[in-house]
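Subject: The structure I promised you

Hi there,

Here is the structure we talked about, with my notes on it below. Have a look at it first, and then read on.

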Amino acid sequence: MKQKSIAILGSTGSIGTQTLDVVRQFPEHFSVFMLSANNSAERLIEQARQFRVPHVVICNPQKYEQVKSALPGVQVHLGIEEACDLVQAPEVDVVMGAMVGFSGLKPTLSAIRAGKTLALANKETLVAAGSLVMGEAERCGARIYPVDSEHSAIFQCLEGAKGNPVHRIHLTASGGPFRTWPRERIARATRTEALKHPNWEMGAKITIDSATMMNKGFEVIEAKWLFRVPAEKIHVVVHPESIIHSMVEFADGAVVAQLGSPDMRIPISLAMSYPERLALDGKRLDFGSMGGLSFFEPDRKKFPCLQLAFDAIGRGGNIPCAMNAANEAAVAAFLSGGISFYDIPRTVARVMDGVDFVEKPVLDDIFATHQLAYQLAQQSFPHV
C-alpha cells in the first residue's frame, strides 16, 4: 500500500485522536497533511508537533495567536472556510470527517466535491443532508467509507453479498448506561451518570446521544443513505456486549455479522486503508472466555429519541435536519445542567412540529432549517 496523506477534520476529539493512534502505528502507510480543531488549542499544538503537520486550522479566532506563536514553520489557518479549502488540496488522499455536529457539513461537502476519499464519522452530515451529500458523492465520484462501528460492520457484510439484495439490516446498540434503569430513575439522571458509557470511550455529545438512543436513530438515517435501504428494512436490536457490531439478513434467511472488540481504531483503520486491512495492536476476541451474547428489543417509551428519528425519516424533507439541530441544542443544555434528561426528547419533538416543512430542501434550506430549529430549541429553555 502506498503511503496516504490524511486530512483530519476534528483531530482533537475522540475519533480524531484515535485516527492519529492509527497513523502513529503505521507511519509507513500514513502521513498527516492537515489537522483542525475548534477550541482545543493545546492538544492541536501537541498533535501538530508530534506528527510534523504542515497545516493546522483553528476555528476559534481567540485561539489563533496562541496556536500560531507555538508552531513556527507550520502554516496556521483560521476558520472553517480554510479547512474547506485545505481538504481539496491535491496532496490529500483521505479526509477523516471527525468533527462533531452540524459544523462538519461544509468541509465534508468540500471534500466530496473535490472527489476525495472520505472516511465519515460525522453522523450529523448524513442526518441533516443525506440526499444532498450522497447526490454530490455520486456526481463527483467521491468514495465514502463509514467509520461508525455499526456502519463499517454493515459495509463489511455487504462486501460478501455479491450484489444480492438486502432483506433487512440489524443495527446493534449497546443500550447505553440506562438500559436496565426504570423510566422514573432515568428521568432523574445526571450529566455524570449519562456520560458513563458501559463499553465505548467517546466524546461528551455522542455519549449523551447514546444514553438517549438518539445516536441509534441517527445511525438508522445514516444507514438509509449509505446503503440505499428504506428505514422499514432497518431493525434496531440492543446487544449490550457490543461484540456484534451489526448484521445483514438476506432473502434466504441467512444473516451475516461482523464481530470484534469494541475498539474504534478497527473501523477507522479500515476506512483509511481499504481494501487492505492493517495488523492493529489491541485486544482480540477470545471466544472461549466470552460467555453469552444477548439481544433485546429497544424500549421506545424509555428512549423516545429513537422513535423520533424514525418519525423524522418517515416525514422526510428538512425534518431530520430540524431534529438534529434541536438535539444539538438540547444536549448542550443538558450538559450544562440547564435541563433534565427527558427534556431532550421533549424539545426535539416540539421543534420537529414547529418548523416549516420543505419537501425537497436545497443546501440553503438545510442551513436555514438548522439555524431556525436550533433557535427554537434554545427558546424552550431561555434560562440556560
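Where is the place of S242? S242 sits in the loop that joins β9 (234–238) to β10 (244–250). Before I go further, please keep in mind that this is a predicted model.

**Backbone**

As background, most residues other than glycine have a negative phi, and most peptide bonds are trans. S242 is not a glycine, yet its phi is positive, at about 55°. With 5% relative accessibility, S242 counts as buried. K162 also has a positive phi without being a glycine, and its value is near 55°. K162 belongs to the loop between α7 (149–159) and β8 (166–173). Its relative accessibility is 75%, so K162 counts as exposed.

There is a cis peptide bond to look at as well: the one from Y274 to P275, where omega is near 10°. P275 is in the loop between α12 and α13.

**Aromatic rings**

A pair of aromatic rings is described by the distance of the centres and the angle of the planes. The count here comes to 8 aromatic pairs. One of them is formed by F102 and F367: the ring centres are 5.3 Å apart and the planes stand at 80°, so this pair is edge-to-face. F102 is in the loop between β5 (94–97) and α5 (105–113), while F367 is in helix α16 (residues 363–379), so the pair ties together parts that lie 265 residues apart in sequence. F102 counts as buried, at 7% relative accessibility, whereas F367 is partly exposed, with a relative accessible area of 27%.

Y274, already mentioned for its cis bond to P275, pairs with Y145. This aromatic pair is tilted, with 4.9 Å from centre to centre and 45° between the planes. Y145 is in strand β7 (residues 144–146) and Y274 is in the loop between α12 (265–273) and α13 (304–315), so distant parts of the chain, 129 residues apart, are linked by the pair. Elsewhere, R300 lies over the face of F310, and the distance from the ring centre is 4.6 Å.

In soluble globular proteins, nonpolar side chains tend to be buried together. The largest nonpolar core here has 128 residues, and the members that touch the most others are V56, V67, M96, I144, V147, F178 and M323. Helix α14 (residues 319–335) gives the most to this core, with 12 residues. Beyond residues up to four places away in sequence, M323 touches V127, M214, F218, I221, L308, A309, A312, V348 and M352.

**Two crossing helices**

Two packed helices are described by the angle between their axes and the distance between the axes. Helix α10 (residues 204–212) and helix α11 (residues 214–227) have axes that come within 5 Å and cross at roughly 95°. An angle from 65 to 115 degrees counts as roughly perpendicular, and α10 and α11 are therefore roughly perpendicular to each other. On the α10 side the residues that meet the partner helix are K205, I206, D209, S210 and T212; on the α11 side they are M214, N215 and F218. M214 and F218 are also among the contacts of M323.

S11 is in the loop between β1 (4–9) and α1 (14–25). Its relative accessibility is 0%, so S11 counts as buried. Leaving out residues up to four places away in sequence, S11 touches G16, T17, L20, L35, S36, L44 and Q47.

T347 is found in helix α15 (residues 343–354). T347 counts as buried because its relative accessibility is 2%, under the 20% cut-off. Apart from neighbours within four places in sequence, T347 is in contact with A326, A330, A377, S380 and F381.

Happy to go through any of this with you.

Best wishes

Terms used
Residues numbered from 1 in each chain as written. Predicted model: local features only at pLDDT ≥ 70, side-chain atom pairs only at ≥ 80, totals over all residues. Heavy atoms only, no water. Helix = DSSP H or I, 4+ residues; strand = E, 2+ residues; numbered from the N terminus. Buried < 20%, exposed > 50% of the residue type's maximum accessible area, 1.4 Å probe, protein only. Contact = heavy atoms within 4.5 Å. Core = buried A, V, L, I, M, F, W, Y, C linked by side-chain atoms within 4.5 Å. Phe/Tyr/Trp six-rings, centres within 6.5 Å; stacked < 30°, edge-to-face > 60°. Lys NZ or Arg CZ within 6 Å of the ring centre and 35° of its normal. Axes fitted to C-alpha atoms, helices over the stretch in contact; angles between N-to-C directions. Parallel < 35°, antiparallel > 145°, perpendicular 65-115°, else oblique.
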